[in-house]
Amino acid sequence: HVSSITLYNVLKLLHIFAAIGFAGGISARQIVRMYANATDDVTRFATLNQAAMHIENWMVKPGSFVILALGIALAWRGGLPMLGVLQGENQNWLLVSNVLFVFGMALVPTVFLPRGKRFRVVLDAALAQRRVTPELRTALNDPVVRAAHAYEYLMLIVITALMTLKPF
């Protein structure tokens, strides 16, 4: 039915596609990293690590901004209260989703970038030695980075539930 094709529905569809691409990128990146972490060949590790970075740069980073932009446009077009109780409304599922998403984006400058720079130094040293070093293994098991990646998955699950169920 042609009349159901509205700007709101188009924005909603694009928002869903962006979320699929973003979630797919996070999952693909982590699968590639899992294979990288399992190898004892430092050259293979570096190649797989580079593949994970390409997935990050092509799907995850842009996907997060596209989701945010489309989500804002969708909420505005649909008259949804993005700030919930902060703007005097009683619907807060979108506010909670936004807080979770922004916190996830804040992990980039606070965790991923600084730890990534340190990781690169350790990886370069391992490549120079042509072996997976104990320092590289330690860097691969950084509990802060692991927790940040776990947050990404949890965030995806919770936000998907909030967007679908709109529980409060």
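Analyst: Happy to! In this predicted model, E152 and R29 form a salt bridge, and their closest N and O atoms are 2.5 Å apart. E152 belongs to helix α5 (residues 143–165) and R29 to helix α1, so this pair ties together parts that lie 123 residues apart in sequence. Both ends count as buried: E152 has a relative accessibility of 8%, and R29 has 1%. These two residues also belong to a network of salt bridges that links R29, E56 and E152.

Next comes a pair with another setting. The side chains of R137 and D40 meet in a salt bridge at 2.9 Å, N to O. R137 is in helix α4 (residues 134–140) and D40 in the loop between α1 and α2 (42–78), so the pair links distant parts of the chain, 97 residues apart. R137 counts as partly exposed at 25% relative accessibility, while D40 counts as exposed at 64%.

A further salt bridge joins the side chains of D142 and R115, with 2.9 Å from N to O. Here D142 lies in the loop between α4 and α5 and R115 in helix α3 (residues 93–129), so parts 27 residues apart in sequence are tied together. D142 counts as buried, with a relative accessibility of 13%, whereas R115 is partly exposed at 27%.

For the overall tally, a search of the whole structure finds five salt bridges, among them the ones between E152 and R29, R137 and D40, and D142 and R115.

Key
Residues numbered from 1 in each chain as written. Predicted model: local features only at pLDDT ≥ 70, side-chain atom pairs only at ≥ 80, totals over all residues. Heavy atoms only, no water. Salt bridge = Lys/Arg side-chain N within 4 Å of Asp/Glu carboxyl O. Helix = DSSP H or I, 4+ residues; strand = E, 2+ residues; numbered from the N terminus. Buried < 20%, exposed > 50% of the residue type's maximum accessible area, 1.4 Å probe, protein only.
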